[in-house]
Structure formats: structure tokens, C-alpha cells
Amino acid sequence: MTAAFLSSTGSLALAHGSALHAKPPGKVKKEQKPWGIAGDARDVTRSVTASMTDDMRFSPERTEVNQDETVRFVLKNQGKLMHEFVIGARKDLEEHAAMMVKFQKMEHDEPYMSHVAPGKTGEIIWTFNRAGEFEFACLIAGHFQSGMVGKINVGRSGDDPSITG
């Protein structure tokens with residue numbers, strides 16, 4: 001099971017904890033996911049600021065985007081603990097959160113996740129090229145289990161969802 005998970009999640013190494021996770025310079029890996037693909041800064045249509053707190057909540061807890069929209073998430077850690085913002089489908093987030101409980105030092109660097117140290121700001125640029133309801137979560141051991149999860153509703157192209165953020 002562990003080997004299957006590690007092989008299915010791409011490049012994961014062991015070393016998570018409270019270490020800072022800086023994205024290495026260079027080209028972002030663009031891999032299509034059910035919830036979209038890494039975006040380019042030049043294509044950003046708007047920014048959504050999300051705050052993370054030690055009460056294990058995000059604010060806002062929900063955001064709406066249009067299909068094919070490229071969004072810059074500005075992630076502010078207002079707590080004293082390390083937090084992260086990971087975009088995904090519920091099943092993938094649940095599986096990854098379970099692995100994080102078992103392997104708390106797991107380190108990973110994907111374009112749909114950002115690890116943000118206390119008092120710092122992170123960023124994700126993501127293109128939502130698939131319609132549906134997806135989630136974002138903090139997968140640090142215990143955070144997801146405490147309800148540190150939010151929703152992203154991606155409306156089909158041509159729809160006009162009420163956009164928040």
C-alpha cells in the first residue's frame with residue numbers, strides 16, 4: 001500500500017515536519033490533474049488571498065472560479081505553526097493526509113501545494129481547466145483531521161458563478 005501510494009503521487013521524499021519548503025528555481029512541472037494544471041503568471045486573471053490560522057481553518061473556506069481561469073492564490077500563514085495549502089480531489093487529499101500521519105517528515109514539492117512558515121506568505125498559480133468541486137487542505141499531520149479543509153467550485157466555461165475572493 002505504501003509503495004503504491006508513493007509511486008502514484010510522483011516525487012515524494014521523506015522529510016516534512018516544520019522544515020521550510022522552498023520551491024527550487026526552474027521550470028514548474030506541468031502535469032494534468034483532475035483538478036487542473038499548473039498555471040503561468042502571465043495568464044493570471046485574478047488573485048485570491050487565503051489566510052491559514054492555528055485554529056485549523058482557512059479564510060475564506062470556499063471560493064468559486066470559472067473553468068479555464070488561472071488563479072494566483074496568495075497564502076498567508078497567520079499562525080505560529082507551519083501550515084500548507086494543497087489543492088486536490090477529496091479522495092487524493094484523504095489518502096495523502098493519512099500518509100502524512102504515518103510519515104510526518106514527508107517532503108514534497110508539487111505546483112498545487114505550498115508550505116507556509118508561521119507569519120510568512122506563499123503562492124500557488126493554478127489553471128482550473130476542469131469543471132467540478134475540488135478542495136484545498138492543510139495535510140500536516142492532525143490539521144486535515146481537525147477540519148482544515150476548504151472548497152473550490154469550478155463552474156463550466158460560459159457559466160457565471162458568483163466569484164468570491
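Me: How many cavities of 30 Å³ or more does the structure hold?
Reply: This is a predicted model, in which local features need pLDDT of at least 70 and side-chain atom pairs count only at pLDDT 80 or more, while totals for chains, interfaces and linings use all residues. Residues are numbered from 1 along each chain as its sequence is written, and side-chain values use heavy atoms, with hydrogens and water left out. A cavity is a set of points on a 1 Å grid over the protein atoms alone where a 1.4 Å probe fits but cannot get out. With the 30 Å³ threshold, the number of cavities is 1.

Me: What is the volume of the largest cavity?
Reply: Grid points are joined across faces, edges and corners, and the volume is the space filled by probe spheres set on those points. For the largest cavity, this comes to about 30 Å³.

Me: How many charged residues are in the lining of the largest cavity?
Reply: Lining residues have an atom within 4 Å of a point, and here they are Lys29, Glu31, Lys33, Ala38, Glu110, Pro111, Tyr112 and Trp126. Asp, Glu, Lys and Arg count as charged; Ala, Val, Leu, Ile, Met, Phe, Trp, Tyr, Cys and Pro as nonpolar; and the others, Gly among them, as polar. The lining has 4 nonpolar and no polar residues, and its charged residues number 4.

Me: How many residues apart are Arg46 and Glu69?
Reply: Their side chains meet in a salt bridge of 2.7 Å, N to O. Helices (H or I, at least four residues) and strands (E, at least two) are DSSP runs numbered from the N terminus. Arg46 sits in strand 3 (residues 46-53) and Glu69 in strand 6, linking distant parts of the chain with a separation of 23 residues.

Me: Which helix holds both Arg90 and Glu94?
Reply: These two form a salt bridge, with the closest N and O atoms 2.9 Å apart. They are 4 residues apart, about one turn of the helix, and both lie in helix 2.

Me: How are the rings of Phe58 and Phe136 arranged, stacked or edge-to-face?
Reply: Rings of Phe, Tyr and Trp (its six-membered ring) pair if their centres lie within 6.5 Å; planes under 30 degrees apart are stacked, over 60 edge-to-face and the rest tilted. The count by this rule is 7 aromatic pairs. In this one the centres are 5.0 Å apart and the planes stand at 80°, so the pair is edge-to-face.

Me: How many residues apart in sequence are the parts that Phe58 and Phe136 tie together?
Reply: Both Phe58 and Phe136 are buried. Phe58 lies in strand 4 (residues 57-59) and Phe136 in strand 11 (residues 132-137), so the sequence separation is 78 residues.

Me: Which strand holds Phe128?
Reply: Phe128 pairs edge-to-face with Phe73, their centres being 6.1 Å apart and their planes at 80°. Phe73 counts as buried at 1% relative accessibility, and Phe128 does at 0%. Phe73 lies in strand 6 (residues 69-77), while Phe128 lies in strand 10.

How values were computed:
Buried means under 20% relative accessible area, exposed over 50%, partly exposed in between (1.4 Å probe, protein chains only). On a 1 Å grid over the protein atoms alone, a cavity is a set of points where a 1.4 Å probe fits but cannot get out, and a pocket is an open set with protein on both sides within 12 Å along at least five of seven lines; lining residues have an atom within 4 Å of a point. A salt bridge is a side-chain nitrogen of Lys or Arg within 4 Å of a carboxyl oxygen of Asp or Glu.
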